[in-house]
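Visitor: Please take me through one part of this protein in close detail. I would like to look at a sheet and then at its surroundings.

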Amino acid sequence: MAITVVDYNAGNLTSVMNALSHIGVEAFSTRDADVIAKADRLIFPGVGAAASAMETLTKTGIGDAIKAVVKAGNPVLGICIGCQIVLDESEEDGGVKTLGLVPGKAVRFKDEPGLKIPHMGWNQVNFTREHPIMKGIKSGCDFYYVHSYFPQVPAEYSFAETTYGAQTFTGLIGKENLIASQFHQEKSGEVGLTMMKNFCEWAP
C-alpha cells in the first residue's frame, strides 16, 4: 500500500520522497484533498510559517482531509511545520489557530545571549516515553533541526526532548494514531531513515 505524502507548496517534499524511496517504500505526493482524505497512511511534511500554511490548508481543504485521516484511525506522521500545525495554535505571525489534533501550541525560543534563532543543525534527542517509531534507535542520538518555534504540549503527548541553550523543548509529540517530529527525519541520516521506516510499519 503506497504512502500518501501531502504536497502543499511548503518545500522539503523532495527530501521526504527521496528518503522513502531510499528505504524502499512506495509513496506518492498529492495536493488533492479528496485523495488525501482517503489515505491509508499519511505523511505531512513541510517548512514555512504557520499563517501561510494554515491559509493554504484551509483554502485547499487539505486541513479537513488530514483531520479525516486522523479520525479514521490511520497512521499520520507530521514533520517540522507538520508538527506545529497539528496543535491548537501557534504564537507565530501574531497568533494562528491551527488544526487542533493534539492539545498544545507552538511557541518561539526565548532570546538568550549568543543563542542563534532559528535553531539549525544537529542536536541530541532524548526519548522520554516509549513509542514504536523509536524501535532500534537509542535515546540521545542526534537528529537535524531547522526551526524557531517548537511544540509546547502536556507531558502525556511528549515523547522526546532536546536542549538548546538553556531551553529544553519537546521534539516529538504523539496522540493515538498521530506522531509528529519537530526535527527532520528525512535529513537525519540513518537514525532518521530508521524512524521513517518504523512509521511505515507502525500499526496503531
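Guide: Helices here are DSSP runs of H or I with at least four residues, and strands are runs of E with at least two, numbered from the N terminus. By that count, the protein chain has six helices and 14 strands. The model is predicted.

Now the sheet. Four strands form an open sheet in the order β6-β5-β7-β11, and the pairing is mixed. β6 (96-97) and β11 (149-152) are the edge strands; each has a single partner, so one side of each has no neighbour in the sheet. Strands of a sheet pair through backbone hydrogen bonds, either parallel or antiparallel. Take β5, residues 89-90: two bridges join β5 to β6, and these two strands run antiparallel.

Next, the loops. The peptide bond from isoleucine 117 to proline 118 is cis, with omega near 10 degrees.

Two other loop residues have a positive phi. Cysteine 80 sits between β4 (76-79) and α5 (81-84). Its phi is near 60 degrees, and it is not a glycine. Cysteine 80 has a relative accessible area of 5%; buried means under 20%, so this residue is buried. Glutamate 176 is in the loop between β13 (167-175) and β14 (178-181). Its phi is about 55 degrees, again positive in a residue that is not a glycine. Glutamate 176 has 65% relative accessibility; exposed means over 50%, so this residue is exposed.

Threonine 194 belongs to helix α6, residues 189-201. Its relative accessible area is 26%, so it counts as partly exposed. Leaving aside residues up to four places away in sequence, threonine 194 touches Lys135 and Ile137. Tyrosine 164 is 30 residues from threonine 194 along the chain, and their C-alpha atoms are separated by 24 Å.

Last, the whole chain. Of its 204 residues, 53% count as buried. A compact globule with 204 residues would have a radius of gyration near 17 Å; the protein chain has 15 Å, which agrees. Among contacts with a separation of 6 or more, 69% join residues 24 or more positions apart. The accessible surface is about 9,100 Å², and 49% of it belongs to carbon and sulfur atoms.

Definitions and conventions. Residues numbered from 1 in each chain as written. Predicted model: local features only at pLDDT ≥ 70, side-chain atom pairs only at ≥ 80, totals over all residues. Heavy atoms only, no water. Pairing = 2+ DSSP bridges. Rg over C-alpha atoms; globule rule 2.2 N^0.38 Å. Buried < 20%, exposed > 50% of the residue type's maximum accessible area, 1.4 Å probe, protein only. Contact = heavy atoms within 4.5 Å. Areas by Shrake-Rupley, 256 points an atom, 1.4 Å probe, with all protein chains shown as cover.
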